[in-house]
There are 2 protein chains.
Amino acid sequence: MKDKAAKPGGRAAPAQKRPAHRLTMADVARRAGVSTATVSRALTRPDQVNEKTRDLVRGIAEELGFRPNLIGRQLRVRAATSLLILVQDLDNPFYAELIKGAEAVARANHLSVMVGGTDGLEEVEQLYSEQFLGRRVDGLVILFGHLPAGISPKMAEHSPIVLVSEDNPALNLSSVLVDNVGWAERAMGYLMERGHRRIAHITGPLARIISRQRQEGYWNALAKAGLPQDPALEALGDFSFERGRAAARELLSLPDRPTAIFCANDEAAVGAILGAADLGLSVPSDVSLIGFDDIMLAQISQPPLTTIRQPRQQMGAAAAQLLIDMIEHGPGKRAHKQLDCELIERSSVRSI
Amino acid sequence: MKDKAAKPGGRAAPAQKRPAHRLTMADVARRAGVSTATVSRALTRPDQVNEKTRDLVRGIAEELGFRPNLIGRQLRVRAATSLLILVQDLDNPFYAELIKGAEAVARANHLSVMVGGTDGLEEVEQLYSEQFLGRRVDGLVILFGHLPAGISPKMAEHSPIVLVSEDNPALNLSSVLVDNVGWAERAMGYLMERGHRRIAHITGPLARIISRQRQEGYWNALAKAGLPQDPALEALGDFSFERGRAAARELLSLPDRPTAIFCANDEAAVGAILGAADLGLSVPSDVSLIGFDDIMLAQISQPPLTTIRQPRQQMGAAAAQLLIDMIEHGPGKRAHKQLDCELIERSSVRSI
């Protein structure tokens, strides 16, 4: 059986015998008695055919189980535009609100949002890069501060890519960020205003720029208050609950233990609550804690966590808007947006 | 400037003036002094050109910031295959492990996994359907038990689509499931073995099949024990923490309050712990709780939650494997996999 289109109005044998996933537009055309071009228009540019023809073609396509193959054909029609949000760990609760913000803007523009997790693996980054370079996704929101393997800085410069939450100044890409250094200083200031002087820090993973920025804020605040940097008061963390718990146990076992801990993120801070409990200490009566991010967990932890709230919804929305502009008009000048955080007072800090 | 390819070995003016996102393979070819076909091969089928040519072409492509447009061209080469996992609420902690299972299998097969959240909105489902129908994603894993708007049952029959966790028998699609009725009965049996007779149930959203199945398991267990169904002991939930908290308050305010509650999922159960605390009651001394799913929260809640563990990683892996088979060999006969759950004993149930 050849796949040549029947003439408009012509009739030919039905095509049910062909396996449905091998059906072509010509099969639908033959069955509907219209040209292949009409089938193509009816399925992909329905405004260009009359309603009766459209309903006929769609009805037959559905009856046969036909699914048009838009790739590798001459069709210039594209499926709806999509944004891919790349994160390192998909189950990090930090991302949910940010994704919601991006979704709201994307949906209003008839774009779909998909999320991919790399687990920091280069070979996985490469897979997502192939989706992007093959134009199966149209824009990238990157949440880990570097280009995925397979996309060079030069390619990125001319592509709809936005870095969010974590910057990489070396790349000179568009970005949506908060001032991590400044808000870490603000968290420290809040503790100092409440009388704390011996303040420890549980860092994030120091390979990541946001971790180094929050650590810098910690150091700046100490310097401004004329307090020395004490290496014993800095515990290496990795943003995880488990590591936060272990780090708090280390810090709170010091002979001269800190009265407060600035945790580089909320998950570590919630871990630190349990680390304190492991030693029979409670928050905030024995030790005060302040976090960063304001994830959902910060509200339901016992005690609820005082923290720095990142405007994640707005960050996601701003990123989606930047990408949509780039997709529509081509990537122009780099845009850098900085949004404001907010200090959320709950019950994990006391005055001493 | 016309986009005709230079002859192999020919030389032409450099193409830097064209905006990078409008560059074509012909621009790269002109600059490299090779044919457009050679550029195409060097960028997409590098095994078919010699190393020197490949490096030359790739170097120039990178220098110009050229990104090949594989869609809407004659190129038959496709970007790597991708699976799209569709969920209702992206921030539901139930999904993380399932996605990890799918990722492991997909990565081993050089496929990428992307996740999309619909929030139950038809117009959003439609956007993802367009990605699928336009073949920008190759397979669908659906976690909400119905086809997204825009994909008819007939289309689905001939497409790589798998329902996971939540079935829809009317659709006759391939599926990966657990026996929700049977394991709900097992949860009830566990409470009854510990002396509980007055057992309440916080349901899931009853529009969802899994909620109705778990409710059926609750009823079956009562019937088998010769206990009556008491409508006062059933509180409508929606799988959320907040609703679980409110429902527990209702149930535990009854004059003859239940000694145990079977919660349709863990989030509701963790909410119920706080609902009990709102009334000055504690778990398990005043009321026993059992959940369903074994999400991460079940381990860190106070007390840790006794629950039914779904083998989410294996479910995700099985779904990815089914899809890969369908993508490679065409959707054949429906496959239905049922995996086993496990009862995880922690500290939220006591014997009475």
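Predicted model: local features only at pLDDT ≥ 70, side-chain atom pairs only at ≥ 80, totals over all residues.

Colleague: What rotation superposes chain A on chain B?

Modeller: A rotation of 180°, with 0.0 Å of shift along its axis, and the RMSD is 0.1 Å. The two copies are thus related as by a two-fold rotation axis.

Colleague: And which surface do the copies meet through?

Modeller: The same surface on both, because 100% of the interface residues of chain A are also interface residues in chain B.

Colleague: OK, inside chain A now. How many helices and strands does the secondary structure come to?

Modeller: Chain A has 12 helices and 12 strands. It has 352 residues, and 58% of them count as buried. Looking at contacts in chain A with a separation of 6 or more, 69% come from residues 24 or more positions apart.

Colleague: What about H1 of chain A, mostly covered or mostly open?

Modeller: Mostly covered: H1(A) spans residues 25-32, and eight of its eight residues are buried. Charged side chains are on that list too, since Asp, Glu, Lys and Arg count as charged, and the buried residues include Asp27(A), Arg30(A) and Arg31(A).

Colleague: What follows that helix?

Modeller: Gly33(A) comes after H1(A), and its phi is positive, near 70°.

Colleague: Switching to chain B: how do the axes of H1 and H3 cross there?

Modeller: The axes of H1(B), residues 25-32, and H3(B), residues 51-64, come within 9 Å and cross at roughly 120°. That makes H1(B) oblique to H3(B), and the crossing is right-handed.

Colleague: Which residues meet there?

Modeller: From H1(B) you have Asp27(B), Val28(B), Arg31(B) and Ala32(B), and they meet a set in H3(B) that includes Leu56(B), Ile60(B) and Glu63(B). By class, that contact has seven nonpolar, no polar and three charged residues.

Colleague: One last thing. Where is Glu342(B) found?

Modeller: Glu342(B) is in strand E12 of chain B, which covers residues 342-344. With a relative accessibility of 46%, Glu342(B) counts as partly exposed, because that value lies between the 20% and 50% cut-offs.

Colleague: And what does Glu342(B) touch, leaving out residues up to four places away in sequence?

Modeller: Trp183(B), Thr307(B), Ile308(B) and Arg309(B). Take Ile308(B): it is 34 residues from Glu342(B) in sequence, but their C-alpha atoms are 5.7 Å apart in space.

Methods
Residues numbered from 1 in each chain as written. Chains lettered and ligands numbered in written order. Heavy atoms only, no water. Least-squares fit on C-alpha atoms with pLDDT ≥ 70 in both. Contact = heavy atoms within 4.5 Å. Axes fitted to C-alpha atoms, helices over the stretch in contact; angles between N-to-C directions. Helix = DSSP H or I, 4+ residues; strand = E, 2+ residues; numbered from the N terminus. Parallel < 35°, antiparallel > 145°, perpendicular 65-115°, else oblique. Left-handed = near helix turned anticlockwise from the far one by under 90°. Buried < 20%, exposed > 50% of the residue type's maximum accessible area, 1.4 Å probe, protein only.
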